[in-house]
Amino acid sequence: MASVENYFCFYNVLEKFQAELEVHLNEKWSNVFILADELSFKHCFQYIEVVLKNSKLPFHCITIEPGENSKSFEKAIPIWSTLKNKKADRNSLMINLGGGVVTDLGGFIASAYMRGISFLNIPTTLLGMVDAALGGKNGIDFEGAKNILGFIKQPLSILSFSGFLKTLPKRQLLCGWAEMLKHGLIADQHHFEQLIKVNNPKQIDLSDWIKISANIKMKIVESDPDETANRKKLNFGHTIGHAIESYFNAKLGQDSVLHGEAVAAGIILASYISHQTCNLSDAEYQLIVNATDQYFDRLKITHADFDGIKSYLKYDKKSFAGANRMVLLQSIGHAIIDVHVTDELIQESLINYSKNV
Ligand SMILES: NC(=O)c1ccc[n+]([C@@H]2O[C@H](COP(=O)([O-])OP(=O)(O)OC[C@H]3O[C@@H](n4cnc5c(N)ncnc54)[C@H](O)[C@@H]3O)[C@@H](O)[C@H]2O)c1
Ligand SMILES: [Zn+2]
């Protein structure tokens, strides 16, 4: 894997972002395919169009509907057909311009096509910039289970431009914020403490925080690209979070609970379990709960939902031989992996969470 410096580039200045993109669009490629969703295309394509045109490379745009439902095998099939019909070959480049849905789906499509063609990620959401576009995990959802089909294949590079965030709605921005909080919680106490001083992330320049947060993720990925140990820490808040996300999206429809919103709930639940089993102190537990509640309304989880949520836990990749293995916190900034957690404790954490709805 390339070093963090070459691999993840973040720009505040449009011309610098475009100059870096220009470097990547060279004669080595036979043609270029841009995957975007309808909104990332509408708001962000204009910034890369001029560079594509100047490159003189043949290019073709493919758009998908926004939302998690597009991260599916059914949506991938016509895109593979387009690649084939438009003569994509081993020298084609795919550019994934969008949030986590686009970069996950695009990376999946590129990784499978002709046993893997090159792809460049241009994240246009905060969650994409600090998390989804980085690290080479390219998953799609299948039969109600999140990210259950996929590859680990690194993008050529990740190019981020802060200007993309101007059009991002606050609800979506906060989803990225949840992942940034997670990065602080698992690996960098100072980062967490700085983030929670921010009242409204929509109103400030997030550039410095984005770079720090993305670097935390990249350092962890670099230390363990295949997720045998350290990388599992990035799943903090995701074991129950994914189950909540899948359960509510099946029950109430697509994107009724967004990924980052489910992660925020997952952070509270995993912190409760950490407090009960891993000596996470009362003071730190309360700080995490209050900080998370500061940005996110509690999801309306009632007793009637518990069994449904728990039924999705069995799909989780970290559930091993029927046991729940979770990432928990010993203290803010220090996560431990593969902790065995009983169904009873998960139930207790859900009861505790729902008391505050
Ligand atoms: N691969 C990984 O390591 C990884 C890590 C975290 C999350 N994910 C995945 O990422 C997905 C969530 O990503 P997300 O939060 O970016 O959601 P998303 O891709 O659905 O984007 C959120 C919304 O913002 C819109 N949008 C995108 N850019 C915009 C812009 N600049 N202006 C206005 N609107 C814009 C999109 O059209 C969409 O409606 C989930 O599927 C999750 O599983 C993957
Ligand atoms: Zn996530």
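Is serine 349 buried or exposed? Serine 349 counts as buried because its relative accessibility is 1%, where buried means under 20% relative accessible area, exposed over 50% and partly exposed in between, with a 1.4 Å probe and protein chains only. The structure is a predicted model, in which local features need pLDDT of at least 70 and side-chain atom pairs count only at pLDDT 80 or more, while totals for chains, interfaces and linings use all residues. Residues are numbered from 1 along each chain as its sequence is written, chains are lettered from A and ligands numbered from 1 in the order in which they are written, and side-chain values use heavy atoms, with hydrogens and water left out.

Serine 349 is placed in helix H14 (residues 343–355); helices (H or I, at least four residues) and strands (E, at least two) are DSSP runs, numbered from the N terminus. Not counting residues up to four places away in sequence, serine 349 touches Ile240, Leu269, Tyr272 and Ile273, contact meaning heavy atoms within 4.5 Å. The C-alpha atoms of serine 349 and threonine 125 are separated by 30 Å, at 224 residues apart along the chain.

Ile244 and Ile95 have the most contacts inside the largest nonpolar core, a set of 98 residues. A nonpolar core is a set of buried Ala, Val, Leu, Ile, Met, Phe, Trp, Tyr and Cys residues joined through side-chain atoms within 4.5 Å. Helix H11 (residues 259–277) supplies the largest share of this core, 10 residues. A second, separate core has 20 residues, including Leu35, Ile64, Ala110 and Tyr113.

The surroundings of ligand 1 were examined next. Ligand 1 is surrounded by 26 residues, of which Asp37, Glu68, Thr125, Lys146 and Thr167 are the closest; a residue is near a molecule or strand if one of its heavy atoms lies within 4 Å of it. By class, this shell holds 8 nonpolar, 9 polar and 9 charged residues, with Ala, Val, Leu, Ile, Met, Phe, Trp, Tyr, Cys and Pro counted as nonpolar, Asp, Glu, Lys and Arg as charged, and the others, Gly among them, as polar.

Polar contacts are pairs of N or O atoms within 3.5 Å; within protein, one must be able to donate a hydrogen and the other to accept it, and residues adjacent in sequence count only if both atoms are side-chain atoms. A polar backbone atom of glycine 100 is 2.8 Å from an oxygen atom of ligand 1. A nitrogen atom of ligand 1 lies 2.8 Å from a polar side-chain atom of aspartate 104, and a nitrogen atom of ligand 1 lies 2.9 Å from a backbone N or O atom of phenylalanine 164. Of the 860 Å² of accessible area that ligand 1 has on its own, the protein covers 92%; accessible areas come from the Shrake-Rupley method with a 1.4 Å probe, and for residues only the protein chains shown count as cover. Two or more residues of the shell are given by each of helix H3 (38–55), helix H5 (100–112), helix H6 (126–132), strand E7 (145–152) and helix H7 (170–187).

Glutamate 68 is located in the loop between strand E3 (59–64) and helix H4 (73–85). With a relative accessible area of 13%, glutamate 68 is buried. Apart from neighbours within four places in sequence, glutamate 68 is in contact with Val101, Asp141, Lys146, Glu245, Gln254 and Asp255. Aspartate 255 lies in the loop between helix H10 (239–252) and H11 and is partly exposed at 22% relative accessible area. Although aspartate 255 is not a glycine, its phi is positive, at about 60 degrees. A positive phi near 60 degrees is also found at arginine 115, in the loop between H5 and strand E5 (118–123). Arginine 115 is exposed, with 81% relative accessible area.

Glycine 128, in helix H6, is buried at 0% relative accessibility. Its contacts, leaving out residues up to four places away in sequence, are Pro123, Ala133 and Leu134. Serine 160, in strand E8 (residues 158–161), also counts as buried, at 0% relative accessibility. Glycine 128 and serine 160 are 9.0 Å apart, C-alpha to C-alpha, and 32 residues apart in sequence.
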